[in-house]
Amino acid sequence: MPEQTQVQINEERKSFPQNIWKVFIIEAFLFFLTLGLGIVTAFRINEIVTVKKIDIPQIPFLQFIIQFFLVTLFIYFLIHFIKLKKQKSTIFKVLFVLAVFWGGMLVINSWIPGTPSFLLMGFLIIWWWKKPLILIQDLCIMLGIAGAGSMLGLAFSPEAVIIFLIIFSIYDLIAVYKTKHMVEMAKEMIKSKAILGMIIPPDLSGFRESLKEIKPGGRFLILGGGDMVFPLLLCSSLIPSGIFNSLIVAFFSLFGLFVSFWFFVSQKK
């Protein structure tokens, strides 16, 4: 390898944590904790609807696909057609709050129904908005993903979720490495400090830092919300057939996270 190229790669990697496997341990813990919380929430929701004899409405396969791409298209146009940074940042934050609040309410309300769950989730959202620490960001995302993944997973069959995983895995590769529009959207969310993902600091003390420290190519790793919610969809869809099946999927998802992390850190750039 030419010396100049080697120096360039070293420059690109200098801000990345030296102990990358410590980063992975933190990432794996948060990932598995989110999946575990989602599985327990799905089990609780399934228990409630079974006792009360309520049917969870099944979401049509095609409708979900169309809605996903419409939301993606909306965010893409938002990035390109709204030029004012402040307006764009506010819209991204409102979208973040709506998504996290809905998911978080599903989790908390399944255990503490009524006004207390609303007040607790509202308190977390206000804290995130006023003092956006990485710890609060990750807690909000964990609750949001756990709630959304548990409820949506129960609305799909395992076979449908597997097809989703195949379709969106192919889409993900295209969106990141070919069209690169997902990279563009991620950068805009980072700039607005409304990141729909888990922030992984290089060490535990990093959880006390502000979201203002997050920037593309910096020393913090970002695990996208989709990387957690899609495995959780499959885990939750298996809850009616037994929680043990869900836990098996969760463990294999953790292995998948390891493979993805190894692939990520092995890239030259």
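**Close-up view 1. Ser-266 in helix α10 of the predicted model.** Ser-266 is partly exposed in this predicted structure, because its relative accessible area of 43% falls between the limits of under 20% for buried and over 50% for exposed residues. The residue belongs to helix α10, which covers residues 243-266. A polar atom of the Ser-266 side chain lies 2.6 Å from the backbone oxygen of Trp-262. Leu-30 is 236 residues away from Ser-266 along the chain, and the C-alpha atoms of these two residues are separated by 22 Å.

The side chain of Ser-150 has a polar atom 2.8 Å from the backbone oxygen of Ala-146. When residues up to four places away in sequence are not counted, Ser-150 touches Gly-38, Thr-41, Ala-42, Ile-45, Ile-145, Leu-232 and Ser-236.

The aromatic pair of Phe-64 and Phe-168. The structure holds 22 aromatic pairs. One of them joins Phe-64 and Phe-168 in an edge-to-face arrangement, with 6.4 Å from centre to centre and 90° between the planes. Phe-64 lies in helix α3 (residues 61-81) and Phe-168 in helix α7 (residues 158-178), so this pair ties together parts that are 104 residues apart in sequence. Phe-64 is buried because its relative accessible area is 12%, a value under the 20% limit. Phe-168 is likewise buried, with a relative accessible area of 6%.

Charged side chains over the rings of Trp-111 and Trp-129. Arg-44 is positioned over the face of Trp-111, at 5.2 Å from the ring centre. At Trp-129, the charged end of Lys-93 sits over the ring, 5.6 Å from its centre.

Notes. Residues numbered from 1 in each chain as written. Predicted model: local features only at pLDDT ≥ 70, side-chain atom pairs only at ≥ 80, totals over all residues. Heavy atoms only, no water. Polar contact = N/O pair within 3.5 Å; in protein donor to acceptor, adjacent residues only side chain to side chain. Contact = heavy atoms within 4.5 Å. Phe/Tyr/Trp six-rings, centres within 6.5 Å; stacked < 30°, edge-to-face > 60°. Helix = DSSP H or I, 4+ residues; strand = E, 2+ residues; numbered from the N terminus. Buried < 20%, exposed > 50% of the residue type's maximum accessible area, 1.4 Å probe, protein only. Lys NZ or Arg CZ within 6 Å of the ring centre and 35° of its normal.
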